Each structure stands twice: as structure tokens, then as C-alpha cells.
Amino acid sequence: MTSLNGPLPELAGRRCHQWLNTLHATVYFSPDYLGEMAGLGIEGDTAANIAGRTAPLGRVGAGTVTAAYYNSKYEMIARHVPGVWDVVSPQEAIAARLRAADATLRRLLGEDAVAAPEMAEAAELALRAAEGCSRGGRPLYSAHADLPVPATPHLALWHAATLLREHRGDGHIMALVRAGLDPVEALVSHTATGGGMTTKWLVATRGWTEDELAAGRDRLRARGLLDAEGELTEAGAALRDELEAETDRLDAAPYEHLGAAGVERLTALGKEYAKTAVLAGAFPADLLGNA
């Protein structure tokens, strides 16, 4: 990848995304978020998460949400969408999500970090990167791009991190489809890398049963992508590497637009914030792994 101020180092965009995505994801695991949604009458982690992430799409049905999410089970989504919009409007859910982001970032990062000039710098850089995103074929990114940019720097950073996360996620779905991995196969092969959710969390957050996940592993074994112990074979590891490389290619534009120096600085700031959030207990200890 090249940019106006020199070539981007290999994997620079991916590394930047990883830290910003960690910061973005803190809100969806936050008690502040669940409290805001419960205050609107949306009870339970699954309903709250679907309502908040789906809200920018508007009053859509379960089929649209399933297509946009790709790896969540339709029947789980259909238990909440479109019925959730009889309880709360998408606009109310978006406002509640932003209030939760405010409370979460202040709690995890601290008031000094939120008010520091580096926060405004990070927001400016992330928003500049997001200018390079494209809408075509990217429903979740495009819906979020219609939202106004919050005025306060820490919320502007969270908004920009969300744009960059959904842009990469939409592109990753394109890569999964091209690779011939169905939603369950995508999930269990990611778990096998050690960087995806554990089976416990896949069942809780994506709606698939343990039997359905096991059947997905069997399909991958039949393709020579997993071994008898559920570990990636050489071919499986190569496929996951190819998926990430293709996702990098589809997600290169925002980081090329920001430029090498900007990406380096944004990565450093995002890493600091993400590590602070993780150390403050932003995520469950058993969230990630290959179990």
C-alpha cells in the first residue's frame, strides 16, 4: 500500500484497526450500555446488542440484519427484530448507545484521558481515515456513515472507530463468501486461530448451538481445513491468512487516505486507549480462545 506521505508498512492498516476495534467493542460489553437499553425497555444482552448495532439501518427486519451480520443465526435475530422497534425507535436506541459510549469511555479511560488534547488528535486522525471508506456493498458501514459526528472528541473517536470497524467487517464478509465459508464455518475457523470467540461466547452471542458449531467443524475437517483435534491444518491456516490478506486489500483505502505518518500516530494512540480499557476490565476473561 502507498500513500501521499510514503508507503504504508505491511499490515499497518490491520494493526491500526485491531486497536480501534477493541476500543469500539468496549461499549457492547459495558454495563453502562445494558443499563441504557434496559431503561428503554430492552432487556437482555442479546436484545440490547442487536438493537444498538442494528439501529442505524432503521426499522429493518430479521432477514436484512442476518445478511448484514452474516455470522449470527437468523432465528436468534428474528426473536428480537423487528419486534424491538415496537419497544423503542431506532433513533432512541442510537441515542442510548451514544450515552453508553460516553459513560463507558469515561469510566475505562478516566476523565483526564477523555479531556486530554491527544483524544482530540486521535478523533481527528480516525475521522480523516474514515473519509477514505466507501459505501458500495457495505451496508453496516454505510448506515453508520449517515449518523452525525458527535461533538465531543472521545465520542467522535468512538464514532470513527465504529465506521472503520464496520467498513472492515463488511469487506471481511465479502472475503468469507468468496472463500466459501458459511457463517458457522467462518466462526469456528476463526476460533481455531485462537483469536476468535470461545464456543461459550459463540453460543451466547451468535445463537448457534454447540451441535451446530460441531457440525461446522466436521464440514471443515471434510475440506481438510481442521484436524481431528479441531486445530487448523496447514491448508486451514493458509485459508485464514488469505482471508485476512483479502480483507486488508478491501480495507486499504481509509489507511492509504490517512497516510503512513497518520496511521502510525493513530495506531499508537489507539493502542494506548485499548490497553487501558482492557486492563480496566472491559471484556470477560474467557471471551477469546480456541476452546
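Reply: Happy to! The crossing of H1 and H10 is left-handed, a term used when the near helix is turned anticlockwise from the far one by less than a right angle (clockwise would be right-handed). This is a predicted model, where local features need pLDDT of at least 70, side-chain atom pairs count only at pLDDT 80 or more, and totals for chains, interfaces and linings use all residues. Residues are numbered from 1 along each chain as its sequence is written, and side-chain values use heavy atoms, leaving out hydrogens and water.

Me: Why are H1 and H10 called oblique to each other?

Reply: Helix H1 (residues 12–25) and helix H10 (residues 153–179) cross at roughly 120 degrees, and their axes come within 9 Å. Angles under 35 degrees count as roughly parallel, over 145 as roughly antiparallel, 65 to 115 as roughly perpendicular and the rest as oblique. H1 and H10 are therefore oblique.

Me: What makes the contact of H1 with H10?

Reply: Contact means heavy atoms within 4.5 Å. Among the residues involved are His-17 and Leu-20 of H1, and Trp-158 and Arg-165 of H10. The residues of this contact divide into six nonpolar, four polar and three charged.

Me: And why are H8 and H16 oblique too?

Reply: Helix H8 (residues 117–130) and helix H16 (residues 260–279) pack at about 125 degrees, with axes 10 Å apart, so they are oblique to each other. Their crossing is left-handed.

Me: Which residues of H8 and H16 meet?

Reply: Including Met-119 and Leu-125 in H8, and Leu-266 and Tyr-273 in H16.

Note on methods:
Axes fitted to C-alpha atoms, helices over the stretch in contact; angles between N-to-C directions. Helix = DSSP H or I, 4+ residues; strand = E, 2+ residues; numbered from the N terminus. Nonpolar A, V, L, I, M, F, W, Y, C, P; charged D, E, K, R; others polar.
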